[in-house]
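The tour goes from one selection to the next.

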Amino acid sequence: MALLQTGGHPPKLGDEKIAQIKAIEGEFLFETYFSLSCQNCPDVVQALNVMAVLNPSIRHVAIDGALFQQEVDERQVMSVPSIYLNGKLFAQGRMGVDEILAKIDTGAATREAAKLNTKAPFDVLIVGGGPAGAAAAIYAARKGIRTGVAAERFGGQVLDTMSIENFISVQETEGPRLARELEEHVKHYDVDIMNLHLLPGPLWRLRDQCLVYRLSQSQPVLSLTAPCLIVLLSNAVLSQENNNITSFQA
Ligand SMILES: Cc1cc2nc3c(=O)[nH]c(=O)nc-3n(C[C@H](O)[C@H](O)[C@H](O)COP(=O)(O)OP(=O)(O)OC[C@H]3O[C@@H](n4cnc5c(N)ncnc54)[C@H](O)[C@@H]3O)c2cc1C
């Protein structure tokens, strides 16, 4: 895959995403420790490879931990993939281009806030993009209702699942594949998916049919308007501070 990408094979990314990667300034040396049996490593390695191909300020070294045991010990790498940026631990676990960009493109939050704050009101806004959120979005949008989904990770726990064998009528599938298919199905109905939107408990409120939140203390306030809010966060506990919603655990 790396050879294909460096050889000029076009990356499977939208034009907007490619432009965003090319515009990133700074020096980024990523090092990813992986193992050959790790299910989540290929996504990370391929995402960083493609970013390195598109932007010369981004470099990426993928390290098979089994072959560099001394490095693994020195850096106390406990799990793979472990990603280092400019010598410091950057992240662990499965990540794609979107998640990596959200962490390194510091202007992205302001641009995203400006874009979101001008969105027309939704008829229904779903918070949570796992199978439950995806199903709710499809049902709503099929009725011609203007629907939005805000989620930390569209796909939810399914993204962490390898083999799924109890989805009736599908003998066997893989989590990331099912998550992709869920996303395609949802997008087929023109649902607005706002991915990488973690609503941190104390930082979100409902105010006059409006979901108002910050992605973190240092980031701009975002607001999305909808008369109907459906919260499907699986086992995430809602903030006690939301007056209109009784805190619950689904
Ligand atoms: C490793 C693993 C293997 C599994 N294997 C199977 C299996 O083989 N068969 C099976 O039937 N089930 C399996 N499951 C369980 C199945 O994945 C879950 O039951 C299912 O995903 C629940 O769907 P959900 O939409 O309710 O919640 P989730 O999938 O948990 O989705 C929750 C959504 O809410 C978002 N979210 C959470 N907090 C916030 C926040 N604060 N702000 C914004 N968004 C937020 C998440 O990013 C996500 O989009 C497995 C689970 C795991 C972890």
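Asp190 is not a glycine, and its place is the loop between α8 (175-188) and β9 (192-194). Helices here are DSSP runs of H or I with at least four residues, strands are runs of E with at least two, and both are numbered from the N terminus. Asp190 counts as exposed because it has 10 C-beta neighbours inside 10 Å. The cut-offs, with C-beta atoms placed from the backbone, are 20 or more other C-beta atoms within 10 Å for buried, 12 or fewer for exposed, and partly exposed in between.

This is a predicted model: local features need pLDDT of at least 70, side-chain atom pairs count only at pLDDT 80 or more, and totals for chains, interfaces and linings use all residues. Residues are numbered from 1 along each chain as its sequence is written.

Next, select α8 itself. Pro176, Ala179, Leu182 and Val186 are buried. Viewed down the axis of α8, the buried residues fall within an arc of 115° (taken over the directions from the helix axis to the C-beta atoms), so they line one face. An α-helix has 3.6 residues a turn, so residues three or four places apart point the same way. Arg177, Glu184 and His188 are exposed on the other side of α8.

Now move to the loop between α4 and β3 and select Gln76. Gln76 has a positive phi of about 55° and is not a glycine. With 8 C-beta neighbours inside 10 Å, Gln76 counts as exposed.

Finish at Pro81, in the loop between α4 (69-74) and β3 (82-85). The peptide bond from Val80 to Pro81 is cis, with omega near -5°.
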